[in-house]
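Subject: Structure for your review

Dear colleague,

Please find the sequence and structure below. A summary of what was found follows, and I would be grateful if you would read the two side by side.

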Amino acid sequence: MTAHSSVLLLASLRVEDMASFQAGYAAPLKAINERHGVETIVATPKIKALEGQPSANVIAVLRFPSQAALDAWYADPDYQPLIKARQEATDPDASHLIALTPMT
């Protein structure tokens with residue numbers, strides 16, 4: 001995977017139910033990520049803001065081989081119930097998934 005062709009996914013989440021989030025989303029997500037060639041750069045609740053007050057209490061940065069890989073991951077039938085699990089365990093107004101593509 002080259003840095004130029006890869007796409008990053010920033011997950012900035014305000015988790016309200018950490019036990020449900022871990023069991024219903026984070027744990028089963030690992031197998032899906034492996035299938036799609038996803039590299040976890042960081043996934044942590046240890047957030048230290050240098051400026052401002054973050055609304056998230058969990059941040060993850062994932063690297064996908066390409067935009068097509070990210071799209072396939074998000075559309076994966078096994079991922080669909082995890083979306084609901086993530087949304088139920090997080091504050092929808094303070095949680096975001098953001099795709100980042102490198103500037104050329």
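Leaving aside its neighbours within four places in sequence, W73 is in contact (heavy atoms within 4.5 Å) with L9, L29, I32, N33, H36, V38, L62, F64 and Y79.

This is a predicted model, in which local features need pLDDT of at least 70 and side-chain atom pairs count only at pLDDT 80 or more, while totals for chains, interfaces and linings use all residues. Residues are numbered from 1 along each chain as its sequence is written, and side-chain values use heavy atoms, with hydrogens and water left out.

W73 also belongs to the largest nonpolar core, which has 22 residues; F21, F64, W73 and Y79 have the most contacts inside it. Such a core is a set of buried Ala, Val, Leu, Ile, Met, Phe, Trp, Tyr and Cys residues joined through side-chain atoms within 4.5 Å. At least two residues of this core come from each of β1, α1, β3, α2 (67-75) and α3 (80-89), and α1 gives the most, with five residues. Helices (H or I, at least four residues) and strands (E, at least two) are DSSP runs, numbered from the N terminus.

One aromatic cluster is formed by F21, Y25, F64, W73, Y74 and Y79. Six aromatic pairs are found in the whole structure; rings of Phe, Tyr and Trp (its six-membered ring) pair if their centres lie within 6.5 Å, and planes under 30 degrees apart count as stacked, over 60 as edge-to-face and the rest as tilted.

The largest pocket is lined by 21 residues, with F21, A26, L29, A43 and A60 nearest its centre. A pocket is here an open set of points on a 1 Å grid over the protein atoms alone, where a 1.4 Å probe fits, with protein on both sides within 12 Å along at least five of seven lines; lining residues have an atom within 4 Å of a point. Eight residues of the lining, the largest share, come from α1.

Two further residues deserve mention. S12 lies in strand β1 and counts as buried because its relative accessibility is 14%, the limit being under 20% relative accessible area, with exposed over 50% and partly exposed in between (1.4 Å probe, protein chains only). Q87, in helix α3, is partly exposed, at 47%. Q87 and V15 are 72 residues apart in sequence and 9.1 Å apart in space, C-alpha to C-alpha.

Yours sincerely
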